[in-house]
Amino acid sequence: MTDQMLSVPTPDGEMGAFVRRPDGDGPFPVIVYFHHGPGLDEGTKESMGFLADAGYYVVSHDRYHREEPWLVADIAKLRAAGPEAEAAQKKFFGILLGTTDDMVESDLMALLAVVGKDPAARKAPMGVIGFCIGARSVMRSLAKHPDIFTAGVGLHPSFCTTEDADSPHVAVETYDGLLYIAFGSEDKMQSPDANKPFIDAVNDMPDGRGLAEIHPGADHGFSVPGGAYQKAAADRSYEKALEIFAKAVA
(Lines give C-alpha, C1' and ligand atoms only; values in the text may rest on other atoms or scores of the structure.)
Protein backbone atom coordinates (compact mmCIF):
# COMPACT_ATOMS: atom_id res chain seq x y z
CA MET A 1 0.00 0.00 0.00
CA THR A 2 0.95 3.64 -0.45
CA ASP A 3 0.42 6.26 2.27
CA GLN A 4 0.44 9.98 1.62
CA MET A 5 -0.44 13.18 3.41
CA LEU A 6 -2.47 15.97 1.82
CA SER A 7 -2.64 19.60 2.87
CA VAL A 8 -6.14 20.95 2.35
CA PRO A 9 -6.87 24.69 2.41
CA THR A 10 -10.17 25.44 4.14
CA PRO A 11 -11.92 28.69 5.16
CA ASP A 12 -10.70 27.92 8.70
CA GLY A 13 -7.07 27.23 7.88
CA GLU A 14 -5.03 24.28 6.63
CA MET A 15 -6.44 20.83 7.25
CA GLY A 16 -4.50 17.61 6.99
CA ALA A 17 -5.77 14.51 5.22
CA PHE A 18 -4.30 11.01 5.31
CA VAL A 19 -4.54 8.74 2.27
CA ARG A 20 -4.03 4.99 2.22
CA ARG A 21 -4.35 3.42 -1.21
CA PRO A 22 -3.00 0.62 -3.40
CA ASP A 23 0.43 0.94 -4.97
CA GLY A 24 0.46 2.13 -8.56
CA ASP A 25 -0.84 5.03 -10.59
CA GLY A 26 -4.58 4.38 -10.43
CA PRO A 27 -6.98 6.01 -10.71
CA PHE A 28 -8.61 4.12 -7.86
CA PRO A 29 -12.23 4.47 -6.69
CA VAL A 30 -12.45 6.82 -3.71
CA ILE A 31 -13.86 6.18 -0.26
CA VAL A 32 -14.10 9.19 2.05
CA TYR A 33 -13.49 7.97 5.59
CA PHE A 34 -14.87 9.98 8.55
CA HIS A 35 -12.75 8.86 11.51
CA HIS A 36 -14.21 7.99 14.90
CA GLY A 37 -14.58 10.37 17.83
CA PRO A 38 -11.13 9.87 19.40
CA GLY A 39 -9.41 11.03 16.20
CA LEU A 40 -7.24 9.52 13.48
CA ASP A 41 -5.26 7.05 15.57
CA GLU A 42 -3.25 3.98 14.60
CA GLY A 43 -6.32 1.75 14.78
CA THR A 44 -8.03 4.03 12.28
CA LYS A 45 -5.11 3.75 9.86
CA GLU A 46 -5.26 -0.03 10.18
CA SER A 47 -8.99 0.09 9.48
CA MET A 48 -8.36 2.22 6.38
CA GLY A 49 -6.00 -0.50 5.23
CA PHE A 50 -8.83 -3.06 5.21
CA LEU A 51 -10.48 -0.97 2.48
CA ALA A 52 -7.32 0.04 0.62
CA ASP A 53 -6.35 -3.64 0.34
CA ALA A 54 -9.54 -4.14 -1.67
CA GLY A 55 -8.43 -1.56 -4.25
CA TYR A 56 -9.75 1.74 -2.89
CA TYR A 57 -8.24 5.18 -2.43
CA VAL A 58 -9.21 5.81 1.18
CA VAL A 59 -8.90 9.35 2.52
CA SER A 60 -9.58 10.56 6.06
CA HIS A 61 -9.33 14.22 6.98
CA ASP A 62 -8.65 15.87 10.33
CA ARG A 63 -12.02 16.54 11.97
CA TYR A 64 -10.52 18.60 14.79
CA HIS A 65 -8.05 20.73 12.83
CA ARG A 66 -9.60 23.93 14.18
CA GLU A 67 -8.48 22.93 17.66
CA GLU A 68 -5.05 21.49 16.85
CA PRO A 69 -3.57 19.37 14.04
CA TRP A 70 -4.39 15.68 14.34
CA LEU A 71 -5.80 15.75 17.84
CA VAL A 72 -6.18 12.23 19.26
CA ALA A 73 -7.95 11.75 22.57
CA ASP A 74 -6.33 9.73 25.33
CA ILE A 75 -9.21 7.35 26.01
CA ALA A 76 -7.68 5.92 29.19
CA LYS A 77 -7.37 9.41 30.63
CA LEU A 78 -10.94 10.27 29.66
CA ARG A 79 -12.25 7.12 31.36
CA ALA A 80 -10.32 7.68 34.59
CA ALA A 81 -11.93 9.01 37.75
CA GLY A 82 -11.32 12.33 39.44
CA PRO A 83 -11.50 16.06 38.72
CA GLU A 84 -8.67 15.99 36.13
CA ALA A 85 -10.44 13.31 34.09
CA GLU A 86 -13.74 15.16 34.34
CA ALA A 87 -12.10 18.33 33.03
CA ALA A 88 -10.51 16.39 30.17
CA GLN A 89 -13.84 14.79 29.30
CA LYS A 90 -15.62 18.13 29.28
CA LYS A 91 -12.98 19.70 27.06
CA PHE A 92 -12.89 16.83 24.59
CA PHE A 93 -16.65 16.50 24.22
CA GLY A 94 -16.83 20.26 23.75
CA ILE A 95 -14.48 19.86 20.79
CA LEU A 96 -16.33 16.82 19.43
CA LEU A 97 -19.80 18.36 19.62
CA GLY A 98 -18.51 21.82 18.71
CA THR A 99 -17.47 20.53 15.30
CA THR A 100 -20.81 21.25 13.69
CA ASP A 101 -22.44 19.70 10.63
CA ASP A 102 -21.77 22.95 8.75
CA MET A 103 -18.06 22.74 9.61
CA VAL A 104 -17.98 19.11 8.46
CA GLU A 105 -19.64 20.06 5.18
CA SER A 106 -17.17 22.90 4.59
CA ASP A 107 -14.24 20.57 5.26
CA LEU A 108 -15.67 17.90 2.97
CA MET A 109 -15.98 20.32 0.05
CA ALA A 110 -12.41 21.48 0.60
CA LEU A 111 -11.21 17.88 0.74
CA LEU A 112 -12.99 16.88 -2.46
CA ALA A 113 -11.46 19.84 -4.28
CA VAL A 114 -7.96 18.63 -3.40
CA VAL A 115 -8.65 14.94 -3.99
CA GLY A 116 -10.12 15.86 -7.37
CA LYS A 117 -6.66 17.04 -8.46
CA ASP A 118 -4.90 13.80 -7.47
CA PRO A 119 -4.45 11.61 -10.56
CA ALA A 120 -4.53 8.53 -8.32
CA ALA A 121 -8.11 9.32 -7.27
CA ARG A 122 -11.00 8.46 -9.55
CA LYS A 123 -13.89 10.87 -9.99
CA ALA A 124 -17.38 10.18 -8.64
CA PRO A 125 -19.15 7.96 -7.88
CA MET A 126 -17.52 7.59 -4.47
CA GLY A 127 -18.24 5.75 -1.27
CA VAL A 128 -18.34 7.17 2.24
CA ILE A 129 -17.80 5.43 5.57
CA GLY A 130 -17.90 6.77 9.10
CA PHE A 131 -17.39 5.56 12.64
CA CYS A 132 -19.02 6.88 15.82
CA ILE A 133 -19.63 10.63 15.27
CA GLY A 134 -18.25 10.06 11.75
CA ALA A 135 -21.35 8.05 10.91
CA ARG A 136 -23.44 11.18 11.46
CA SER A 137 -21.23 12.89 8.90
CA VAL A 138 -21.86 10.01 6.52
CA MET A 139 -25.61 10.50 6.80
CA ARG A 140 -25.35 14.25 6.20
CA SER A 141 -23.04 13.71 3.21
CA LEU A 142 -25.36 11.17 1.61
CA ALA A 143 -28.28 13.56 1.98
CA LYS A 144 -26.44 16.56 0.54
CA HIS A 145 -24.43 14.88 -2.22
CA PRO A 146 -26.26 11.94 -3.81
CA ASP A 147 -24.50 12.80 -7.08
CA ILE A 148 -21.13 12.05 -5.46
CA PHE A 149 -21.77 9.34 -2.87
CA THR A 150 -23.65 6.27 -4.10
CA ALA A 151 -22.93 4.02 -1.13
CA GLY A 152 -22.56 4.75 2.58
CA VAL A 153 -21.54 2.82 5.68
CA GLY A 154 -21.98 3.80 9.35
CA LEU A 155 -20.39 1.67 12.08
CA HIS A 156 -21.31 2.10 15.77
CA PRO A 157 -23.06 5.37 14.77
CA SER A 158 -23.45 8.26 17.19
CA PHE A 159 -25.97 11.12 17.15
CA CYS A 160 -27.82 9.75 14.14
CA THR A 161 -31.13 9.32 15.97
CA THR A 162 -32.10 12.51 17.77
CA GLU A 163 -35.29 14.37 18.62
CA ASP A 164 -34.40 17.19 16.24
CA ALA A 165 -36.67 17.71 13.24
CA ASP A 166 -33.64 17.26 10.98
CA SER A 167 -32.25 14.20 12.76
CA PRO A 168 -29.97 12.33 10.30
CA HIS A 169 -32.14 9.22 10.32
CA VAL A 170 -35.12 11.16 8.94
CA ALA A 171 -33.40 11.59 5.58
CA VAL A 172 -32.85 7.87 5.03
CA GLU A 173 -36.05 7.54 3.03
CA THR A 174 -34.71 10.02 0.48
CA TYR A 175 -31.53 8.04 -0.33
CA ASP A 176 -31.25 6.46 -3.75
CA GLY A 177 -27.96 4.67 -3.07
CA LEU A 178 -26.91 1.75 -0.89
CA LEU A 179 -26.55 1.97 2.87
CA TYR A 180 -25.19 -0.34 5.56
CA ILE A 181 -25.12 0.40 9.27
CA ALA A 182 -24.13 -1.74 12.24
CA PHE A 183 -24.40 -1.45 16.01
CA GLY A 184 -23.02 -3.61 18.79
CA SER A 185 -25.59 -5.25 21.03
CA GLU A 186 -23.60 -4.15 24.10
CA ASP A 187 -23.14 -0.53 23.02
CA LYS A 188 -24.06 1.58 26.06
CA MET A 189 -23.11 4.91 24.45
CA GLN A 190 -25.43 4.58 21.45
CA SER A 191 -27.57 1.52 22.05
CA PRO A 192 -29.52 -0.27 19.33
CA ASP A 193 -32.73 0.32 21.30
CA ALA A 194 -32.16 4.08 21.28
CA ASN A 195 -31.54 3.92 17.53
CA LYS A 196 -34.54 1.79 16.56
CA PRO A 197 -36.03 4.51 14.28
CA PHE A 198 -32.72 4.68 12.41
CA ILE A 199 -32.38 0.90 12.17
CA ASP A 200 -35.96 0.49 10.98
CA ALA A 201 -35.58 3.25 8.38
CA VAL A 202 -32.50 1.58 6.88
CA ASN A 203 -34.05 -1.87 6.79
CA ASP A 204 -37.19 -0.40 5.19
CA MET A 205 -35.28 1.06 2.22
CA PRO A 206 -36.84 -0.30 -1.00
CA ASP A 207 -35.27 -2.88 -3.29
CA GLY A 208 -32.98 -4.17 -0.57
CA ARG A 209 -30.80 -1.04 -0.74
CA GLY A 210 -30.42 -0.78 3.03
CA LEU A 211 -29.24 -3.14 5.73
CA ALA A 212 -28.92 -2.51 9.45
CA GLU A 213 -27.36 -5.16 11.67
CA ILE A 214 -26.78 -5.62 15.39
CA HIS A 215 -23.65 -7.62 16.21
CA PRO A 216 -23.98 -9.87 19.28
CA GLY A 217 -21.58 -9.11 22.11
CA ALA A 218 -20.00 -6.11 20.40
CA ASP A 219 -19.48 -2.78 22.15
CA HIS A 220 -19.09 0.77 20.88
CA GLY A 221 -15.94 0.96 18.75
CA PHE A 222 -16.01 -2.70 17.70
CA SER A 223 -14.73 -2.02 14.17
CA VAL A 224 -11.57 0.02 14.94
CA PRO A 225 -8.53 -2.05 16.01
CA GLY A 226 -7.62 -1.44 19.64
CA GLY A 227 -9.90 -0.73 22.57
CA ALA A 228 -13.26 -2.44 22.10
CA TYR A 229 -12.35 -4.10 18.78
CA GLN A 230 -14.25 -7.32 18.16
CA LYS A 231 -12.93 -9.24 15.18
CA ALA A 232 -16.09 -11.16 14.30
CA ALA A 233 -18.24 -8.03 14.25
CA ALA A 234 -15.56 -6.04 12.44
CA ASP A 235 -14.99 -8.70 9.80
CA ARG A 236 -18.71 -8.93 9.07
CA SER A 237 -19.02 -5.14 8.86
CA TYR A 238 -16.11 -4.69 6.44
CA GLU A 239 -17.40 -7.61 4.37
CA LYS A 240 -20.78 -5.88 3.96
CA ALA A 241 -19.12 -2.49 3.39
CA LEU A 242 -16.96 -3.87 0.59
CA GLU A 243 -19.99 -5.64 -0.86
CA ILE A 244 -21.96 -2.42 -1.34
CA PHE A 245 -18.91 -0.44 -2.44
CA ALA A 246 -18.26 -3.09 -5.11
CA LYS A 247 -21.83 -2.66 -6.36
CA ALA A 248 -22.05 1.12 -6.34
CA VAL A 249 -18.53 2.54 -6.44
CA ALA A 250 -15.94 0.17 -7.91
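Two strands are said to pair if DSSP finds at least two bridges between them. In this predicted model, strand β2 (residues 13-21) and β4 meet that criterion, pairing in the antiparallel sense over four bridges. Within this pairing, R20 stands opposite V58 in β4. Strand β4 is also joined to β3, by three bridges, and these two strands run parallel. Here the bridge partner of I31 is again V58.

These pairings belong to an open sheet of eight strands, arranged in the order β1-β2-β4-β3-β5-β6-β7-β8, with mixed pairing. Its edge strands are β1 (2-10) and β8 (210-215), each of which pairs on one side only. From one strand to the next, the twist averages 20°.

I129 stands opposite V153 in β6. Helix α5 (residues 133-144) lies across β3 (30-34), β5, β6 and β7 (178-184), and runs at about 150° to β5. Helix α6 (residues 196-203) also packs on the sheet, where it touches β7 and β8; its direction makes about 135° with that of β8. The loop between β7 and α6 contains N195. This residue is buried, because its relative accessible area is 1%, and the cut-off for burial is under 20%. Leaving aside neighbours within four places in sequence, N195 is in contact with T161, F183 and Q190.

E42 counts as exposed at 60% relative accessibility, whereas K45, at 22%, counts as partly exposed.

The side chains of D101 and R140 meet at 2.9 Å, N to O; D101 lies in helix α4 and R140 in helix α5, 39 residues apart. D101 is partly exposed, with a relative accessible area of 25%, while R140 is buried at 17%. Both residues take part in a network of salt bridges that links D101, R136, R140 and D166. R236 and E213 form another salt bridge (2.4 Å, N to O), between helix α7 (residues 231-248) and strand β8, across 23 residues. In this pair R236 is partly exposed, at 29% relative accessible area, and E213 is buried at 15%.

The surface also carries a nonpolar patch, formed by F93, L97 and F159, with about 270 Å² of accessible area together. F93 lies in helix α3 (residues 83-98) and is partly exposed, with a relative accessible area of 38%. G116, in the loop between α4 (101-115) and β5, is likewise partly exposed, at 30%. The C-alpha atoms of G116 and G37 are separated by 26 Å, and these residues are 79 apart along the chain.

How values were computed. Residues numbered from 1 in each chain as written. Predicted model: local features only at pLDDT ≥ 70, side-chain atom pairs only at ≥ 80, totals over all residues. Heavy atoms only, no water. Axes fitted to C-alpha atoms, helices over the stretch in contact; angles between N-to-C directions. Contact = heavy atoms within 4.5 Å. Patch = residues over 30% accessible without salt bridge, like charges linked within 9 Å, V, L, I, M, F, W, Y side chains within 5 Å. Areas by Shrake-Rupley, 256 points an atom, 1.4 Å probe, with all protein chains shown as cover. Salt bridge = Lys/Arg side-chain N within 4 Å of Asp/Glu carboxyl O. Buried < 20%, exposed > 50% of the residue type's maximum accessible area, 1.4 Å probe, protein only.
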